[in-house]
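Please look at the sequence and the model together before reading on.

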Amino acid sequence: MMGNEEADDLHESREEMESLVLDEPSNGRSSASATVPDHHDPLLSSSSSSFSDRHNPNSSLNAFLDPPSYAEAIFTSFDPSSNGHETPQLSSNSNPRSSDYLYISISDPQKEQELSNSLVPGGTTFYTYLITTRTNLLEFGGPGSEFSVRRRFKDVVTLSDRLSESYRGFFIPLRPDKSVVESQVMAKQEFLEQRRASLEKYLRSLAAHPVIRRSEELRLFLEVKGKLPLAKSIDVASRVLDGAARLPRQLLGEEGMDVNAKGGRDLLRLFKELRQSMSTDWGGVKPLVVEEDKGFLERKERLAEFEQQLSNMSLQAESLVKAQQDIGETMGELGLAFVKLTKFETEEVLFESQNARAADMKNVATAAVKASRLYRELNAQTVKHLDKLHDYLGIFLAVGNAFSDRSSALLTVQTLSSELATLHARIEKLEAASSKIFGGDRSRMRKIEELKESIRVTEEAKTCAEREYEQIKENNRSELERLDKERHDDFMSMLRGFVVNQAGYAEKMANVWEKLAEETSGYAKDGS
Amino acid sequence: MIATQRSVSGSSQSPRSPSSQPYLSVSVTDPVKLGNGVQAYISYRVITKTNLPEYQGPEKIVIRRYSDFVWLRDRLFEKYKGIFIPPLPEKSAVEKFRFSAEFIEMRRQALDIFVNRIASHHELQQSEDLRTFLQADEETMERLRSQETGIFKKKPADLMQIFKDVQSKVSDVVLGKEKPVEESNPEYEKLKHYIFELENHLAEAQKHAYRLVKRHRELGQSLSDFGKAVKLLGACEGNSLGKAFSELGTKSETLSVKLQKEAHQLLMNFEEPLKDYVRAVQSIKATIAERANAFRRQCELAETTKLKEINLNKLTLMRSDKVGEAEIEYQELKAESEEATRMFEMIVRLMNEEIVRFQEQKTLDMGIAFHEFAKGQARLANGIANAWRSLIPKLEACSSSS
């Protein structure tokens with residue numbers, strides 16, 4: 001019974017439903033519905049243009065169905081505080097104490113040509129997006145500034161990479177996927193819109209983060225016109241060439257404030273740390289520095305549990321949305337079937353009783369179509385509310401990254417500690433050996449001096465690493481606090497929004513059905 | 001539930017005026033599964049309450065099974081040509097559901113309606129077969145049942161042929177077949193067309209009604225799953241947020257139950273009446289086929305009689321000694337022809353009455369079904385609204401106490 005037949009029915013009836021909504025029957029009441037703005041129902045507006053010009057074959061059907069009163073049927077939300085999707089973003093963007101705001105929007109995708117260094121004749125093309133920022137943050141040049149830049153997706157990747165290096169331990173929102181497959185498979189317009197929307201969401205979530213919004217990286221990205229002045233992401237292979245020469249500088253932290261163990265890591269260190277982590281895990285040797293913060297470990301476990309249940313709830317929410325959609329569609333099809341019946345019973349009247357029946361059927365059809373529309377709107381709102389679940393799943397991925405920043409920083413400290421231990425051990429051995437030779441062994445003495453120098457350098461690196469580790473721990477802690485608070489507020493408002501939405505639409509539907517019950521009350525057996 | 005028939009014939013619970021007004025009320029109850037394995041079947045108690053003299057006493061209870069009802073329907077169809085015999089629920093297509101509680105209840109309700117419609121039809125209620133059905137002991141019933149006759153026992157191929165004959169005039173002409181003998185009555189043509197089209201439209205409405213029942217169940221199931229998942233998430237939290245989650249989850253599960261209940265109501269009070277309407281229209285199609293048969297028979301006999309008359313005249317002129325024989329044959333044939341004409345005319349007359357009655361009845365039946373539909377949906381929607389609304393102050397309490 002399911003399958004193709006149903007799909008065809010749905011497609012057909014969906015079109016008929018659209019035309020019922022938008023077509024203007026010849027009676028005088030049509031003017032009210034004709035002027036209804038389409039933006040109230042985004043689900044309808046996309047197909048409206050395709051129908052407005054066509055001669056509508058179903059126009060005769062509409063003579064049997066009163067045009068929808070949009071004022072009656074449609075509203076976006078009951079709860080004024082959860083008006084649409086934008087408001088929560090804005091409110092988290094603005095700090096009530098100092099009323100800062102950082103508002104970003106993305107638009108106008110344009111095709112551009114890759115100029116130099118192109119091996120392919122004609123060059124490759126890519127798309128850029130116009131990123132407009134409105135802010136009064138001081139970092140951006142004072143109150144009420146507004147500016148735009150053009151950026152391509154690669155620039156966003158760069159921004160994201162630089163942020164994750166500079167802000168280790170923070171819950172940094174994840175950037176949108178590269179979606180290589182989708183960019184080939186999807187229609188261009190659709191893909192560009194999808195990408196535009198996801199980029200916008202990403203930048204806005206960066207702007208909503210109390211620490212990240214003030215970062216230099218973000219400022220450069222949003223403000224500096226022309227080429228993005230951030231170091232591009234380098235792959236590991238090219239780093240090998242530079243790696244060995246750059247090691248001392250990295251250890252001394254000359255590149256910047258923090259030792260960029262992750263970003264600028266060279267292969268040597270990489271292998272050392274891998275060996276270290278292996279010996280920690282497999283060697284049975286107690287590591288020198290252990291994650292001791294029991295409080296942290298407990299919290300981590302609880303968050304993992306929460307994430308799992310959240311993921312499950314998100315799945316169930318998806319099937320709830322699907323079920324709501326299905327019932328709405330079937331109700332609509334039922335309504336259409338009754339519209340056809342009504343038309344049929346009115347066309348060739350052979351018997352008196354057909355008129356009464358036709359009137360009844362028309363009422364049923366009207367009620368069913370109205371209910372179907374209500375289900376559709378209910379669902380659109382439900383999706384908006386339950387989308388929060390999806391957002392949080394993304395946040396948890398960011399949390400995971402922050403936690404692994406912590407463990408890799410710890411690993412660095414451990415590695416350096418064991419390096420130090422090794423160096424000390426070697427010095428001891430050499431000193432023990434050369435003490436047996438009277439006057440000392442010149443080469444051995446030299447060796448010892450070198451080792452002592454290594455120890456000094458390593459100790460400095462270890463101090464840096466320990467500082468970095470502590471910083472990351474602190475970042476984790478403050479972020480966890482922020483997460484707890486925001487999580488509480490976000491979920492409470494999500495639940496409330498969901499419940500109010502359900503209640504409101506259920507009431508509207510009750511009205512529709514009560515009206516039909518009244519219209520058919522003449523048939524009631526026991527005065528019910 | 002279609003109770004108008006009951007109220008006409010007197011409900012099984014409360015017969016109107018016990019002594020003065022004649023009443024005949026029947027109820028089909030207590031389905032019981034009997035037999036084992038492949039042979040298993042459902043039996044029903046059929047309780048008859050009446051004060052009609054033709055019946056053996058005020059109350060009688062018999063045990064009947066589905067094939068007994070089929071027997072009754074077939075007998076009535078044979079004997080009361082022209083009358084729309086009330087439809088029977090179908091044999092179950094899918095073996096799996098043959099004994100599901102829901103299927104049994106749907107069938108019981110449909111059988112109850114079937115018998116009551118017969119009992120309240122002014123012609124059919126006088127049928128001897130009805131009396132037999134309502135009163136005979138099980139052995140007699142079994143014996144009668146095994147003698148199978150009637151149009152519905154014909155092979156599907158034959159049935160299709162009969163319907164095809166009624167529908168396809170044009171194709172036969174095109175194919176060069178002999179033009180079938182058809183009534184050339186424009187009114188009747190319109191009626192036939194109406195009936196055939198009506199079946200299509202009704203079947204579609206019924207199909208969507210059935211799907212709507214399914215959708216209610218699916219929504220109920222997903223609300224239940226959603227509720228459970230929300231509660232599990234709440235258990236992770238433990239603070240006021242956790243409490244909010246758990247309240248929501250519980251509410252969701254409550255609503256799931258409401259949806260399942262409403263799905264059942266929708267099935268019994270809206271989808272089944274629509275299905276019943278479809279079956280009734282199919283029953284009319286069978287009567288249309290009968291009328292076509294009767295018409296054909298009448299024409300054939302009229303034709304044959306005419307030929308016999310011509311032959312007789314010829315023989316009379318020739319002063320043949322076969323005249324006597326031919327005379328007798330002619331008279332017999334003439335009587336048959338007149339009988340066939342009478343039969344046909346009776347069918348036409350009955351059909352005209354029946355169709356009016358049918359239309360009025362259907363308007364009533366559908367009106368009730370629509371009313372129940374509206375009430376059920378309103379009840380569900382209000383229940384949902386109230387449930388969610390009652391949750392809001394609890395959520396407020398949770399957020400303020402954070």
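The paragraphs below begin with conventions and then turn to the interface, the helix packing and selected side chains.

This is a predicted model, in which local features need pLDDT of at least 70 and side-chain atom pairs count only at pLDDT 80 or more, whereas totals for chains, interfaces and linings use all residues. Residues are numbered from 1 along each chain as its sequence is written, chains are lettered from A and ligands numbered from 1 in the order in which they are written, and side-chain values use heavy atoms, with hydrogens and water left out.

The size of an interface is often given as the accessible area lost when the parts come together. Between chain A and chain B the buried area is about 6300 Å², with carbon and sulfur atoms giving 74% of that area; the term denotes the accessible area (1.4 Å probe) that two parts lose on being put together, summed over both. In residues, 66 of chain A are in contact with 72 of chain B, where contact means heavy atoms within 4.5 Å. Six salt bridges are counted between chain A and chain B, a salt bridge being a side-chain nitrogen of Lys or Arg within 4 Å of a carboxyl oxygen of Asp or Glu. Arg215(B) forms a salt bridge with Asp326(A), and the closest N and O atoms of that pair are 3.9 Å apart.

Helix packing also links the chains. Helices (H or I, at least four residues) are DSSP runs, numbered from the N terminus. The axes of helix α15 (residues 442–519) of chain A and α9(B) come within 10 Å and cross at roughly 20°; axes are lines fitted to C-alpha atoms, for helices over the stretch in contact, and angles run from 0 to 180 degrees between N-to-C directions. That angle makes α15(A) roughly parallel to α9(B), since angles under 35 degrees count as roughly parallel, over 145 as roughly antiparallel, 65 to 115 as roughly perpendicular and the rest as oblique. The crossing of α15(A) and α9(B) is left-handed, a label used if the near helix is turned anticlockwise from the far one by less than a right angle, with right-handed used if clockwise. On the α15(A) side the contact includes Phe491(A), Met492(A) and Leu495(A), and on the α9(B) side it includes Leu241(B), Ala244(B) and Phe245(B). The residues of this contact divide into nine nonpolar, two polar and one charged, with Ala, Val, Leu, Ile, Met, Phe, Trp, Tyr, Cys and Pro taken as nonpolar, Asp, Glu, Lys and Arg as charged, and the others, Gly among them, as polar.

Within chain A, helix α7 (residues 153–166) and helix α10 (residues 216–223) pack at an angle of about 165°, their axes 9 Å apart, and are therefore roughly antiparallel to each other. Their contact, in which Leu159(A) of α7(A) and Phe221(A) of α10(A) are among the residues taking part, has five nonpolar, one polar and three charged residues. Within chain B, helix α2 (residues 66–79) and helix α5 (residues 138–145) pack at about 60° with axes 10 Å apart, and are therefore oblique to each other.

What remains is a look at single side chains. Glu453(A) forms a salt bridge with Arg456(A), the closest N and O atoms being 2.5 Å apart, and both residues lie in helix α15 of chain A, three residues apart, about one turn of the helix. Glu247(B), found in helix α9 (residues 240–317) of chain B, touches Leu391(B) and Lys394(B), not counting residues up to four places away in sequence.

Notes. Helix = DSSP H or I, 4+ residues; strand = E, 2+ residues; numbered from the N terminus.
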